[in-house]
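Colleague: Could you take a close look at one of the annotated positions in this model for me? I'd like to hear how it sits in its surroundings.

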Amino acid sequence: SERAFVMIKPDGVRRGLIGEIVSRFEKKGLSVVKAELIQVSEATAKEHYGHLEAKPFFRELVDYITSGPSFAMIVEGTAAVKNSRYLIGATNPADAAPGTIRGDYGLDVSENVIHGSDSIDNARIEIERFFIR
Ligand code: GTP
Ligand code: MG
């Protein structure tokens, strides 16, 4: 079955949301098959968000994602990538529907609680980036 890379960002970890968020994936029927509290390095942050390098918020984004521990997970199950993104909700918590993780736990796009890979190819790349090196 399919695998997605999901990561609770430093604001979510600081706010004590790991249990709540893991529970949502479990209740949906997806399995957390690997998980680790990690400190994302500056180099890994810049690689992970390299496609956003030209954005005015890039420095803020790198500072945010490296600001404390993140909870990295491999989530496995049917259409894990698509289903994870549904659970997570829209990028900007202000636009995310209630019932989604960002809709229920976030207020601002600069601290949006959680990451989920956006394609099966990127899931594979991100699992390697965060777990295999
Ligand atoms: P991820 O699952 O984290 O990849 O989010 P996404 O796929 O919903 O959005 P995208 O890949 O386009 O953006 C990556 C991340 O950049 C977002 O999750 C935010 O943390 C951050 N981001 C996007 N837009 C803004 C913005 O306007 N301001 C700030 N400060 N951060 C932003
Ligand atoms: Mg993305």
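Predicted model: local features only at pLDDT ≥ 70, side-chain atom pairs only at ≥ 80, totals over all residues.

Modeller: Lys9 counts as buried because 22 C-beta neighbours fall inside 10 Å, and the cut-off for buried is 20 or more. In the chain, Lys9 sits in the loop between strand E1 (2–8) and helix H1 (10–14). Skip the neighbours within four places in sequence, and Lys9 is in contact with Ile65, Ser70, Val113, Ile114 and His115.

As for the annotation, the unreviewed UniProt entry lists Lys9 under "binding site", together with Phe57, Arg85, Thr91, Arg102 and Asn112. Arg85 belongs to helix H5 (residues 80–88) and counts as partly exposed, because it has 18 C-beta neighbours inside 10 Å. Again leaving out neighbours within four places in sequence, Arg85 is in contact with Gly116 and Asp118.

One of the contacts of Lys9, Ile114, also turns up in the largest nonpolar core, a set of 23 residues where Met7, Val75 and Ile114 have the most contacts. At least two residues of this core come from each of E1, helix H2 (18–28), strand E3 (70–77), H5, helix H6 (101–105) and helix H7 (120–132). Val75, for its part, touches Arg3, Ala4, Val6, Phe25, Leu30, Val32, Ala80 and Ser84, if you don't count residues up to four places away in sequence. In soluble globular proteins, nonpolar side chains tend to be buried together.

Conventions: Residues numbered from 1 in each chain as written. Chains lettered and ligands numbered in written order. UniProt positions renumbered as here; feature names shortened; annotations may be inferred. Helix = DSSP H or I, 4+ residues; strand = E, 2+ residues; numbered from the N terminus. Buried ≥ 20, exposed ≤ 12 C-beta atoms within 10 Å, placed from the backbone. Contact = placed C-beta atoms within 7 Å. Core = buried A, V, L, I, M, F, W, Y, C linked by C-beta atoms within 7 Å.
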